[in-house]
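Reader: I have a structure to go through. Can we take it in short steps?

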Amino acid sequence: MTSSELRHDWSVEEIEGHLAASLSDLVFRAQGVHRVHFDPNRVQVSTLLSIKTGGCPEDCGYCSQSARHDTGLERERLLPLEEVVDAAREAKRAGATRFCMGAAWRNPTDTQLERVVAMVEAVSGLGLETCVTLGMLTRAQAERLRAAGLDYYNHNLDTSPEFYGQVVTSRSYQDRLATLEHVREAGIRVCSGGILGMGESRRDRASLLGQLANLPEHPESVPINLLVQIEGTPLFGTAELDPFELVRTIAVARILMPRSYVRLSAGRHGMSDEFQALCFLAGANSIFYGERLLTADNAATDADRRLFDRLGLGFETVEAEVRSQPGPCHKQP
Ligand code: SAM
Ligand code: DTB
Ligand code: SF4
């Protein structure tokens, strides 16, 4: 399939139809698509670091870092450059190819952005791909990050436009789409996905996937998070999602966005090996690796290594990733 054959005109009904297929049919379809575009036995590995934790003015109902929820999280100032570089060096040593830095901001000020620019340049200098998630960006800020060599910007749509108001009220869905547009126009690769298990319906999951797949270009990276329930947040105590719904959503993301990396993201801590294996069979080919996500626990690294061994999976190298996906900021291997 060439990129001109990638579709951007999915209807929610059509996507719901895929989600409702028998699991066997759905996984078969997803595997077929996956194998055309990727080595099915390689998984892209990113490591996260929270560079500025807590005290966020936004009211995202899932988040430990919102100042509006009493989650007991200790606030931290923006980390010094050396601490970030040390963490990135360790992530590289452990086998990660991308280092993702997250800040609990509604949006960065230009002064804050310059501190992050220095981090991007230093981490890039270690030979790692860089990703940051800093909240909303102006076009000029996106250009600044691009000039610093940033590879990816993460900004999630989180859920469907229809369900969104039940989760976040302090910024609009349109605000999120505008930031994605600024990032794309600046020539940075887009990382955008959502969270499942927030009490949304299957139709909401279809609608979220439609929003992502119908963007003018598919995000190169699509994180599918399972809600990590944080005590003190409004979404704590939400009924657990049927695990097969997560598997189905991953499979449909794979079918709709064939050339994108689909990341089995937050929520792996506590997932059985068998559940995760189903997600990889459904077309997930990326994970967060490292004991911590931003503030919550991630799956243990030794457990991940054992799981990969048992499944015959290996970590992807940057070179393989670049070969499989020429993007706007294509690096020569
Ligand atoms: N403050 C920035 C923003 O929200 O744009 C960047 C950091 S924010 C923590 C990045 C993303 O992490 C959120 O958009 C959300 O999709 C995901 N996330 C946050 N808390 C989560 C949780 N408890 N469970 C699952 N995903 C979560
Ligand atoms: C994404 O989609 N998931 C990551 C990353 N992008 C920034 C964040 C997950 C956060 C999980 C909850 C926490 O650690 O606080
Ligand atoms: Fe703030 Fe991001 Fe958490 Fe929302 S998800 S409260 S914007 S840190």
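Reader: Is Arg 184 buried or exposed?
Author: Arg 184 is buried, with a relative accessible area of 17%. Buried means under 20% relative accessible area, exposed over 50%, partly exposed in between, with a 1.4 Å probe and protein chains only.

Reader: What kind of model is this, and how is it numbered?
Author: This is a predicted model, where local features need pLDDT of at least 70, side-chain atom pairs count only at pLDDT 80 or more, and totals for chains, interfaces and linings use all residues. Residues are numbered from 1 along each chain as its sequence is written, chains are lettered from A and ligands numbered from 1 in the order in which they are written, and side-chain values use heavy atoms, with hydrogens and water left out.

Reader: Back to Arg 184. Which residue forms a salt bridge with Arg 184?
Author: Glu 220 does, with the closest N and O atoms 3.0 Å apart. A salt bridge is a side-chain nitrogen of Lys or Arg within 4 Å of a carboxyl oxygen of Asp or Glu. Glu 220 sits in the loop between helix 7 (202-213) and strand 7 (221-226), and Arg 184 in helix 6, so the pair ties together parts that are 36 residues apart in sequence. Helices (H or I, at least four residues) and strands (E, at least two) are DSSP runs, numbered from the N terminus.

Reader: And Glu 220, buried or exposed?
Author: Buried, with a relative accessible area of 7%.

Reader: Why do such side chains pair?
Author: Side chains of opposite charge can pair when their charged atoms come close.

Reader: How many salt bridges are there?
Author: The count comes to 21. One of them joins Glu 58 and Arg 171, with the closest N and O atoms 2.7 Å apart. Glu 58 is in the loop between strand 1 (42-52) and helix 3 (81-94), and Arg 171 in the loop between strand 4 (152-154) and helix 6 (173-185), so this pair ties together parts that are 113 residues apart in sequence. Both Glu 58 and Arg 171 are buried.

Reader: What about Arg 89 and Asp 86?
Author: They form a salt bridge, with the closest N and O atoms 3.3 Å apart. Both lie in helix 3, 3 residues apart, about one turn of the helix. Arg 89 is partly exposed at 46% relative accessibility. Asp 86 is partly exposed, with a relative accessible area of 46%.

Reader: Which residues are linked in a network?
Author: Glu 200, Arg 202, Arg 205 and Glu 245 are linked by salt bridges.

Reader: New topic. Which residues come nearest to ligand 2?
Author: Asn 156, Asn 225, Leu 294, Thr 295 and Ala 296, out of 13 residues around ligand 2. A residue is near a molecule or strand if one of its heavy atoms lies within 4 Å of it.

Reader: What lies close to the oxygen atoms of ligand 2?
Author: A polar side-chain atom of Asn 156 lies 2.8 Å from an oxygen atom of ligand 2. For Thr 295, an N or O atom in the side chain is 2.6 Å from an oxygen atom of ligand 2. Leu 294 uses a backbone N or O atom, 2.9 Å from an oxygen atom of ligand 2.

Reader: And how many residues surround ligand 1?
Author: There are 17, and the closest are Ala 103, Thr 133, Asn 156, Asp 158 and Val 228. An N or O atom in the side chain of Asp 158 is 2.7 Å from an oxygen atom of ligand 1. For the side chain of Arg 171, an N or O atom is 3.5 Å from an oxygen atom of ligand 1.

Definitions and conventions:
Polar contact = N/O pair within 3.5 Å; in protein donor to acceptor, adjacent residues only side chain to side chain.
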